[in-house]
Amino acid sequence: MDSKVTAARLSVMMFIQFCIWGAWYVTAPLYLGGIGFEPQNIGSVYAMGPLAGILSPFIVGMIADRFFSTERVLGVLHLVGAGIMYYIITLINVQEGTTLDQTQVAFVVSCILGYMLCYYPTLALTNSLAMHNIADSEKTFPLIRVFGTIGWIVPGLIISEKEWDAQIYPFWIAAISSLVMGLYCFTLPHTPPPGRGKKISIREILGLDAFTLLKKPSYLVFMLSSFLICIPLAFYYQIAAKFIAEVGVDKPAQKMSFGQMSEIFFMLAMPFFFAHWESRRCC
């Protein structure tokens, strides 16, 4: 298949992938806080993603690596995720002036964990599928991945333009986008499981082999930097939208997309940085 066509298809994949996440993740506290979610409940909602990120590779990673093609695993996960998100919508779509009790809130949080167990593995799988189907990853992947950033921005702009920041509609956008993504994944280039036929070891299941990479200074610095930046990032998405709204700034989803807008520049500049770095290494 023509490389430009493949890159275009992968760019659409990235766009929808991050449209799903950016649609509900930014302004969820504004709606949930009005239907009975206390601050600790909001914290629990945003803890479900990282928890799913820890748990899901043990199961889904093994399946995607050894038994089924990546695009099929992606399709199934997104379709199941769309179903769970729709179910969450039915739980939180309460009448105006009505709130959920803490038992109902706890059940919603558990459903969000189920949704995140479906969504979080797809972040790595989309990267894996893209890398498998492009020739020059250093040059081409950033140009594909930048459409994920655009996909995060677009729903935020729509939500604020429609004044949906504190309403349930962002969850609907996520559910519909998940359904579209699930169907679209089955049309993506066939990507066979890279570990088919290989034996599964306990070390691989637990991810212990990855710790050997920490012996490399550059990788160690990268991991420490990633760990530290994720601490304020976790607080940002739990608190920022609520803070912006309470201090009187309108259209919080739009305002919070400014960071992603600046990210576009750096994503597009990455190939030039890589080329410059390689030239410095060769000299």
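Colleague: In which loop is Leu213 found?
Modeller: This is a predicted model: local features need pLDDT of at least 70, side-chain atom pairs need pLDDT 80 or more, and totals for chains, interfaces and linings use all residues. Numbering starts from 1 along each chain as its sequence is written, and side-chain values rest on heavy atoms, without hydrogens or water. Helices are DSSP runs of H or I with at least four residues, strands are E runs of at least two, and both are numbered from the N terminus. Leu213 sits in the loop between helix H8 (202–206) and H9.

Colleague: What is the relative accessibility of Leu213?
Modeller: Buried means under 20% relative accessible area, exposed over 50%, and partly exposed in between (1.4 Å probe, protein chains only). Leu213 counts as partly exposed, because its relative accessibility is 33%.

Colleague: How far is Leu213 from Met223 in space?
Modeller: In sequence the two are 10 residues apart. C-alpha to C-alpha, the distance between Leu213 and Met223 is 9.9 Å.

Colleague: How many helices does the protein chain have?
Modeller: Zero strands are found in the protein chain.

Colleague: Among contacts between residues at least 6 apart in sequence, what percentage join residues at least 24 apart?
Modeller: The count covers the protein chain. Of those contacts, the fraction joining residues at least 24 apart is 85%.

Colleague: What is the relative accessible area of Leu228?
Modeller: Leu228 lies in helix H9. Leu228 is one member of a nonpolar surface patch, along with residues including Phe227 and Ile231. Leu228 is exposed, because its relative accessible area is 54%.

Colleague: How many disulfides does the structure hold?
Modeller: A disulfide needs a pair of cysteine sulfur atoms within 2.5 Å. Cys185 is buried, at 0% relative accessibility, whereas Cys230 is partly exposed, at 43%. The number of disulfides is zero.

Colleague: Which residue meets Lys251 in a salt bridge?
Modeller: A salt bridge puts a side-chain nitrogen of Lys or Arg within 4 Å of a carboxyl oxygen of Asp or Glu. Lys251 is partly exposed, at 28% relative accessibility. Lys251 lies in the loop between H9 and helix H10 (252–255) and its partner in helix H6, so the pair ties together parts 90 residues apart in sequence. At 3.9 Å, N to O, the partner is Glu161.

Colleague: Which residue meets Asp250 in a salt bridge?
Modeller: The whole structure has two salt bridges. In this one, N to O is 3.4 Å. The partner of Asp250 is Lys255.

Notes:
Patches are made of residues with over 30% relative accessible area and no salt bridge: like charges are joined within 9 Å, nonpolar side chains (Val, Leu, Ile, Met, Phe, Trp, Tyr) within 5 Å. Accessible areas come from the Shrake-Rupley method with a 1.4 Å probe; for residues, only the protein chains shown count as cover. Contact means heavy atoms within 4.5 Å.
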